[in-house]
Amino acid sequence: MSHHRPSSNPATDDPPSNSEEDGVNYKAKYLALQAQHRMQQKRKAGPRAAVSTQAMGRGIRMLAALFGEISSIVADAEAYLVDRYPEDDYDEFTPNLTLEQEKYLAEKRGLERNLAAYEQLTRLVPNLEYKLAHTTEPADLVDFYTQLQKGANDSRSDDLGRITRLLCTTINADRDRPDIAQFDHSLPIITQDGDAVRQYAPALTEDRLNRGVQHDICGGLLSSSVVLAKYEYDTPNGVSMRNAARTNLSNAFSETFFCRVFYEGFRIDDSNIHQGFLKSRYLVKNWKAVFTGPASAKGDEENDEFPAKKIKTNKAIRKPVSETLRMNGKATGRSIAYICGLTHFGLTNATQWIDEYYGTPQRAHVDDLLAWWNQRVFPNHSSTTSTNQTTIASMAKMKAQLRA
């Protein structure tokens, strides 16, 4: 009676021992069959689809420029490279600048900002420099820019929708937390027995129609130290002051970009406005939702404990944006600024973007701040491990300065 060996899959079975009975090298034959099987699988899957121009543009708003025409960014950067500004014996922090010097520095900063954006563009769009050098028909280049612009703006719209919904669910769930409850001045209902029943500000809706400074919580998060000083925005007895702030928006909410939503605990120390700046748990949560995935945004980001390593599973998951954009385990300044812009916009009921710059932040705390961010959004990445001790020492130094 003959016995037949069961059929096997050469791509998954263990190779046989290297036996050469009857002059046959079974291991070599097995490996050849395995290679042939893999080639067949690749043919069935078909060729890998080329990345479209729109897809290449999706990271531009995140890492290069939140606003602006891509063609203008490229043109400004190329003009700057051709005719660089000379080294100055003064900078933007030099006291008593003349009007001419301030105008000169503002123009220079704008071009340098676009140059940095252009450097990111060449990384995000690998064929950009080739297109610029070899495209002879202007119409082809216009179409190329149009596709990039569409991908960039569509991605920003998707992220704004994601953060808008996340702010809705998060703030509604946080209404009893002290750092959010401090902004809610809804008057309690007094029962016939004289008991006070807690009332809440209206729940946020996903369409943002009831957001903005008219909403106690959104208005409090959008307020700044300037608003607090002028209008006592966060005091229970400051109803008339808050109403005054709401009817005088240009003075109350546009004088500074140091909004409370950007601060740790949503509190601002007027004596040291850098303390806690850009360390808001809402910023961290929103950054994770965009760059490392919605699942990574869950949990309490306010405590100092870093999240545990993810448990590996066999379930196929979509590659996070941070890997697609090759961020190498580092949060960049522009990625944080991107989330700041979306978070601020998501708290308002504004209907369109406003492309305005309110100044250039100082560089004094930038390195420490980025290291702090890397520990929270990429706690287990090798690039973060090497900076932990530096960050700890820097944080200790900052605390010492505050105690002095």
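This is a predicted model: local features need pLDDT of at least 70, side-chain atom pairs count only at pLDDT 80 or more; totals for chains, interfaces and linings use all residues.
Close-up 1. The crossing of α7 and α15 is right-handed. On the α7 side, the contact is made by Ser155, Arg156, Asp159, Leu160, Ile163, Thr164 and Leu167; α15 contributes Tyr338, Ile339, Leu342, Thr343, Phe345 and Gly346. Seven of the residues in this contact are nonpolar, four are polar and two are charged.

Close-up 2. Helix α15 comprises residues 333–346. At 1.5 Å a residue, its 14 residues should span 20 Å, and the end C-alpha atoms are 20 Å apart, which agrees. The buried residues are Ser335, Ile336, Tyr338, Ile339, Cys340, Gly341, Leu342, Thr343, Phe345 and Gly346.

**Close-up 3. Arg208 in the loop between β2 and α9.** The loop containing Arg208 runs between β2 (196–197) and α9 (216–222). Phi of Arg208 is near 70°, a positive value in a residue other than glycine. Arg208 has a relative accessible area of 13% and is therefore buried, the cut-off being under 20%.

**Close-up 4. Arg326 in the loop between α14 and α15.** Arg326 is found in the loop between α14 (321–324) and α15. Its phi is near 55°, again a positive value in a residue other than glycine. Arg326 counts as exposed because its relative accessibility is 52%, the cut-off being over 50%.

Notes: Residues are numbered from 1 along each chain as its sequence is written. Side-chain values use heavy atoms; hydrogens and water are left out. Helices (H or I, at least four residues) and strands (E, at least two) are DSSP runs, numbered from the N terminus. The expected span of a helix is 1.5 Å times one less than its number of residues. Buried means under 20% relative accessible area, exposed over 50%, partly exposed in between (1.4 Å probe, protein chains only). A crossing is left-handed if the near helix is turned anticlockwise from the far one by less than a right angle, and right-handed if clockwise. Contact means heavy atoms within 4.5 Å. Ala, Val, Leu, Ile, Met, Phe, Trp, Tyr, Cys and Pro count as nonpolar, Asp, Glu, Lys and Arg as charged, and the others, Gly among them, as polar.
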